[in-house]
Amino acid sequence: MIQVRNLKKTFGPKVAVSGVSFKVEKGEVLGFLGPNGAGKSTTMRMITGFIPPTDGEAIIGGFNIVEHPIEAKRLMGYLPENAPSYADMTVLGFLSFTAELRGLSGAAQKKAVERVVEMCFLENVLHQSVETLSKGYRHRTCFAQSIIHDPEVLILDEPTDGLDPNQKHEVRTLIRKMGETKAIIFSTHILEEVEAVCSRAIIIDRGSIVANGTPAELKRRSAQAGAITLRLGSGSAKAVAAKLDALSGVEHTMILSETPLAVRAFPRKQTASDDLARAISEIAMKEQWSILELHTEEGRLDEVFRTITLPDTKVSGKETK
Amino acid sequence: MKSVITIAKRELTGYFASPVAFVFIVIFLMLSGFFSFMVSGFFERGQASLESFFAWHPWLYLFLVPAVGMRMWSEERRLGTLELLLTMPVTPWQAILGKFIAAWAVVALALGLTFPMWLTVNYLGNPDHGVILAGYLGSFLMGGAYLAITAMTSAMTRNQVVAFIVSVVLSLFLILAGYPPVTNMLVHWASPSLVDGIAAFSVMTHFESIQKGVLDSRDILYFLSVIVFSLFTTGVIVRTHRAG
């Protein structure tokens with residue numbers, strides 16, 4: 001549905017995006033991650049046809065955004081960063097206007113507006129002008145605009161920015177549900193969101209893709225991934241760590257806390273973490289430890305994110321806008 | 001065409017939702033009345049014509065039309081709605097035309113509401129209706145020309161004040177190039193053909209001949225070409241300067 005090939009954008013001497021390529025099919029929700037100023041918004045603006053790429057192409061449902069902008073834009077819904085909307089219009093007026101620009105008129109327009117008003121919980125503010133709304137409502141009004149024509153492709157730039165936790169949850173549920181039938185790209189800073197919503201995630205830093213995979217795959221790149229954490233009811237942490245260190249599959253151990261006793265064991269490269277877990281539970285039975293918890297670490301996305309992008313943010317230092 | 005109308009409709013609601021349109025219309029009517037009756041001596045002239053009324057239009061428009069048009073693009077830029085508008089399935093031309101038509105309609109409405117002037121001269125005597133109609137047409141075209149220039153400057157910046165000042169200066173140049181005090185001064189040290197050439201760029205020269213009732217295609221073409229040129233430039237600016 002969305003095909004991005006070697007997309008580049010330079011502003012004068014500054015390279016904002018340097019050769020980004022990826023594909024998103026229907027039924028996929030692609031999370032777009034990256035530090036501020038990494039080029040997320042610029043990439044999205046090129047895909048939606050707001051700014052022309054310096055090089056490369058974006059193809060939406062078979063239409064090149066530069067050569068056939070109208071056809072491509074028709075297939076797409078877009079929520080720009082900061083959710084802009086016409087301050088002097090009412091919510092109803094704004095939604096009717098965008099529906100009309102999308103070619104909906106008469107009964108179809110009315111139905112489309114009703115549908116998104118219900119989906120985005122806007123009933124209470126329908127006749128209020130946009131400038132009097134709170135940030136959350138304004139954000140949802142612009143979000144409603146992006147889905148008014150039930151597009152096949154949805155591009156959302158920080159859709160949960162500025163929402164309270166309940167609203168965030170609603171929007172995530174909505175994105176996940178729509179992701180079953182649409183091709184969705186959304187950018188975010190919130191890593192838990194990626195795990196909750198995305199079928200795939202791309203981490204972009206300083207204009208290029210540095211990681212691309214399912215959230216589970218990305219988490220596996222974490223240093224914690226595969227380690228076994230053991231929590232015991234009694235005993236000495238040092239003694240337990242020493243016993244675990246003696247196991248053949250253990251690379252090293254780490255004492256997380258003395259009381260309550262918690263120890264983490266990291267497997268050697270060639271050892272599967274399930275085998276390690278089995279070995280640990282065997283030794284625990286032999287030693288008659290009272291196990292409170294024994295679990296395999298999945299790895300953490302924020303850790304992966306930091307190890308991949310930290311060196312670069314240190315270099316560039318400040319946000320570029 | 002449908003998108004042009006949709007955008008024009010939205011712009012018009014915008015003009016009337018904010019007091020911009022009302023303020024413009026009221027001030028235009030008040031000032032045009034004041035200048036033609038008090039300053040130009042509408043009654044004292046003893047002529048059933050609207051010459052004293054139309055003569056002030058280039059100067060009234062100079063400040064009022066940029067005030068109407070300055071928000072046209074700079075507001076979109078400031079609010080970020082430009083990104084929304086240009087990622088809709090509309091071409092930049094449709095947006096430019098829609099916005100321009102809506103603003104021009106506001107000017108036309110203000111101009112139309114001066115009809116009591118026409119009634120007055122009718123009551124007082126026997127005016128030449130052809131001349132008055134030509135005057136209205138010329139005024140309408142001149143308003144469009146100023147407005148197109150304002151659209152152009154508005155597209156350049158997100159600051160409405162900057163857009164206003166730059167369009168006033170550009171429009172002032174178009175007035176002064178053919179304003180008799182200026183041309184009389186130029187005659188002393190420039191060849192007459194050069195002075196005429198400069199004057200040909202002026203709205204004054206063209207507006208005055210239309211106002212006299214002479215509908216020369218060159219005058220109409222002049223205003224239309226100012227509009228087309230300015231809107232074309234607006235298009236270039238909007239398309240190359242999107243992200244700003």
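Author: Helices and strands are DSSP runs, numbered from the N terminus. The model discussed here is predicted.

Reader: How many residues of chain B are in contact with chain A?

Author: On the side of chain B, 25 residues are in contact with 25 residues of chain A. Together the two chains bury about 2500 Å² between them, and 65% of that area is on carbon and sulfur atoms. Arg10(B), Glu83(B) and Pro89(B) supply 27% of the area that chain B buries against chain A, more than any other three residues.

Reader: Which charged pairs, read as salt bridges, join chain B and chain A?

Author: Across the interface of chain B and chain A, 4 salt bridges are found. One of them pairs Asp88(A) with Arg71(B), whose closest N and O atoms are 3.3 Å apart. The two chains also share 8 residue pairs in polar contact.

Reader: Which helices of chain B each supply at least two residues of the side that touches chain A?

Author: They are helix H1 (2–17), helix H5 (71–79) and helix H6 (81–86) of chain B. Of the elements on this side, H1(B) gives the most, with 8 residues. By residue type, the side of chain B that touches chain A divides into 11 nonpolar, 7 polar and 7 charged residues.

Reader: How does one look for empty space inside a model?

Author: A probe the size of a water molecule is rolled over the atoms, and this shows where empty space is left. In the whole structure, the search finds 1 cavity of 30 Å³ or more, and about 30 Å³ of space lies in the largest cavity.

Reader: Which residues line the largest cavity?

Author: From chain A come Tyr86(A), Phe97(A), Thr98(A) and Leu101(A), and from chain B come Leu84(B), Leu85(B) and Met88(B). Helix H3 (91–101) of chain A and H6 of chain B are the elements that give two or more residues to this lining. The largest share, 3 residues, comes from H3(A). The lining divides into 6 nonpolar residues, 1 polar residue and no charged residue.

How values were computed: Residues are numbered from 1 along each chain as its sequence is written. Chains are lettered from A and ligands numbered from 1 in the order in which they are written. This is a predicted model: local features need pLDDT of at least 70, side-chain atom pairs count only at pLDDT 80 or more; totals for chains, interfaces and linings use all residues. Side-chain values use heavy atoms; hydrogens and water are left out. Contact means heavy atoms within 4.5 Å. Buried area is the accessible area (1.4 Å probe) that two parts lose on being put together, summed over both. A salt bridge is a side-chain nitrogen of Lys or Arg within 4 Å of a carboxyl oxygen of Asp or Glu. A polar contact is a pair of N or O atoms within 3.5 Å; within protein, one must be able to donate a hydrogen and the other to accept it, and residues adjacent in sequence count only if both atoms are side-chain atoms. Helices (H or I, at least four residues) and strands (E, at least two) are DSSP runs, numbered from the N terminus. Ala, Val, Leu, Ile, Met, Phe, Trp, Tyr, Cys and Pro count as nonpolar, Asp, Glu, Lys and Arg as charged, and the others, Gly among them, as polar. On a 1 Å grid over the protein atoms alone, a cavity is a set of points where a 1.4 Å probe fits but cannot get out, and a pocket is an open set with protein on both sides within 12 Å along at least five of seven lines; lining residues have an atom within 4 Å of a point. Grid points are joined across faces, edges and corners, and a volume is the space filled by probe spheres set on the points.
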